[in-house]
Amino acid sequence: MNFDRFDIEKVRADFPILGLQVSGKPLVYLDNAASSQMPQAVIDRIVQYQTAEHSNIHRAVHYLSELATREYEAARVKVQHFLTAHESREIIFTRGTTEAINLVMHGYGRAFIGKGDEIILSGLEHHANIVPWQMLAQEKGAILRVIPMNDAGELLIDEFEALFNEKTKFLALTHVSNALGTVNPVKKMIAFAHRHGVPVLLDGAQAAPHQPVDVQDLDCDFYAFSGHKLCGPTGIGVLYGKAKLLEKMQPFQGGGDMILSVTFEKTTYNVIPSKFEAGTPPIMAAIALGAAIDYLNSIGLANIEAYEKQLLDYATGEVSALNGVRIIGTAAKKAAVLSFEIKGVHPHDVGTILNDDGIAIRTGHHCAQPVMQRFHVPATARASFAFYNTRREIDKLVEGIRKVQEMFS
Ligand SMILES: *Cc1c(COP(=O)(O)O)cnc(C)c1O
């Protein structure tokens with residue numbers, strides 16, 4: 001592939017798992033929107049931590065506890081810079097995007113959203129950014145309003161603006177759709193919401209791994225992402241929140257570390273970010289996420305974005321040239337996701353047959369059933385790319401789709 005800003009073979013060599021054989025064929029890993037793979041540098045960082053640094057943090061004065069605490073807090077600063085956040089105390093470690101959104105629902109939503117209030121979501125949301133708000137709406141008697149989309153999978157901005165009224169209290173919006181790849185015009189939407197005094201949470205699970213994110217430039221109030229989609233481990237995620245908002249929010253979980261003092265009469269909560277990190281956090285995973293961020297920075301998010309755009313353009317061209325294949329999600333601005341259906345073949349069969357050739361894609365509703373309903377499909381096949389994928393792998397995907405079509409013809 002004609003791309004001179006990084007050497008793709010050198011990048012691939014950083015990922016031991018890409019050398020696997022599956023079904024006797026070289027693995028073609030195109031399920032990066034579900035979880036991405038981990039480079040050796042991150043694996044090494046985990047081994048280093050577990051062999052020479054592990055202890056509980058914020059607890060003791062001994063060598064290991066101080067070392068682990070320092071590395072954990074250093075990871076927080078790496079995330080701060082990664083998101084261009086103003087302060088490191090605006091970064092809260094969670095288990096993932098799902099927990100980050102639930103934290104905002106409990107900490108902000110339950111305190112500041114009440115009966116008859118309205119929460120705006122989009123039709124593109126992952127279940128993680130629907131269900132918590134539905135639970136809140138049920139508890140409080142609040143109402144969910146949904147931004148519709150066109151047939152390309154782009155949100156209808158006029159209809160979005162028309163949803164706002166004096167009852168609107170919150171906007172929860174995905175930055176990039178995991179099911180279709182649509183990149184939403186979030187900066188403009190946030191500015192509009194703010195003109196109505198409405199705070200905004202962005203679900204960045206599919207954006208943070210694929211493009212530079214600057215939360216101060218976006219001016220979002222909250223931003224959530226997961227480590228395991230960003231070349232890091234599972235069990236770690238991030239919630240960014242503006243300090244002013246985090247400070248006035250209720251704690252999410254109660255326990256150790258989130259308190260300053262406890263008596264049976266009264267507990268005084270700790271300052272942020274500790275207020276939201278009850279109990280022993282995933283220390284190793286946070287430190288490994290820091291290493292993943294170092295690795296991505298060494299390649300450059302802008303380079304990753306440009307390279308993945310070439311991959312997506314190539315794949316879109318090749319797949320749309322096939323008869324009997326429909327691409328679902330054709331927004332003008334897309335990230336590295338290609339959802340499609342093959343006429344007359346259930347997506348599950350597509351996934352199974354591709355697996356026989358070592359090709360990993362996702363099939364199903366992608367935790368976004370409302371998107372499937374909008375496009376009148378029960379499920380799609382989804383290939384999702386990362387910066388370590390190649391044009392040759394896309395050729396194999398296309399060959400695989402042809403083979404499926406032959407088997408069902
Ligand atoms: C994966 C994903 C989530 C959920 O992330 P978890 O890591 O499972 O918590 C939420 N939103 C989007 C857009 C996603 O792609």
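Which hand does the crossing of α12 and α14 have, right or left? The crossing is right-handed. This is a predicted model.

**Helices α12 and α14**

- Helix α12 covers residues 347–356, and helix α14 covers residues 391–407.
- Their axes come within 10 Å and cross at roughly 120 degrees.
- On the α12 side, the contact uses V350, I353 and L354.
- On the α14 side, it uses L397, G400, I401, K403, V404 and M407.
- The residues of this contact divide into 7 nonpolar, 1 polar and 1 charged.

**Helices α3 and α10**

- Helix α3 spans residues 63–82, and helix α10 spans residues 283–299.
- The two axes come within 8 Å and cross at roughly 40 degrees.
- Angles under 35 degrees count as roughly parallel, so α3 is oblique to α10.
- The crossing of α3 and α10 is left-handed.
- From α3, the contact takes A68, E71, Y72, A75, K78, V79 and F82.
- From α10, it takes I283, A286, I287, L289, G290, I293, D294 and N297.
- By class, the contact of α3 with α10 has 10 nonpolar, 2 polar and 3 charged residues.

**Helices α4 and α5**

- Helix α4 runs over residues 97–112, and helix α5 over residues 131–140.
- Their axes come within 9 Å and cross at roughly 25 degrees.
- The cut-off for roughly parallel is under 35 degrees, and α4 and α5 are therefore roughly parallel to each other.
- The crossing of α4 and α5 is right-handed.
- In α4, the residues that meet α5 are I101, N102, V104, M105, G109 and R110.
- In α5, their partners are P132, W133, M135, L136, E139 and K140.
- The contact of α4 with α5 splits into 7 nonpolar, 2 polar and 3 charged residues.

**The cavity**

- Rolling a probe the size of a water molecule over the atoms shows where empty space is left.
- How many cavities of 30 Å³ or more does a search of the whole structure find? The search finds 1.
- The largest cavity holds about 60 Å³ of space.
- Its lining is made of S36, P209, H210, K229, L230, C231, L296, E308, A386, F387 and Y388.
- That lining has 7 nonpolar, 2 polar and 2 charged residues.

**Backbone details**

- Most residues other than glycine have a negative phi, and most peptide bonds are trans.
- T84 has a positive phi of about 55 degrees, although it is not a glycine.
- T84 sits in the loop between α3 and β4, a strand covering 91–94.
- I272 and P273 are joined by a cis peptide bond, with omega about 0 degrees.
- P273 lies in the loop between β12, at 267–269, and α10.

Notes
Residues are numbered from 1 along each chain as its sequence is written. This is a predicted model: local features need pLDDT of at least 70, side-chain atom pairs count only at pLDDT 80 or more; totals for chains, interfaces and linings use all residues. Side-chain values use heavy atoms; hydrogens and water are left out. Axes are lines fitted to C-alpha atoms, for helices over the stretch in contact, and angles run from 0 to 180 degrees between N-to-C directions. Helices (H or I, at least four residues) and strands (E, at least two) are DSSP runs, numbered from the N terminus. A crossing is left-handed if the near helix is turned anticlockwise from the far one by less than a right angle, and right-handed if clockwise. Contact means heavy atoms within 4.5 Å. Ala, Val, Leu, Ile, Met, Phe, Trp, Tyr, Cys and Pro count as nonpolar, Asp, Glu, Lys and Arg as charged, and the others, Gly among them, as polar. On a 1 Å grid over the protein atoms alone, a cavity is a set of points where a 1.4 Å probe fits but cannot get out, and a pocket is an open set with protein on both sides within 12 Å along at least five of seven lines; lining residues have an atom within 4 Å of a point. Grid points are joined across faces, edges and corners, and a volume is the space filled by probe spheres set on the points. Angles under 35 degrees count as roughly parallel, over 145 as roughly antiparallel, 65 to 115 as roughly perpendicular and the rest as oblique.
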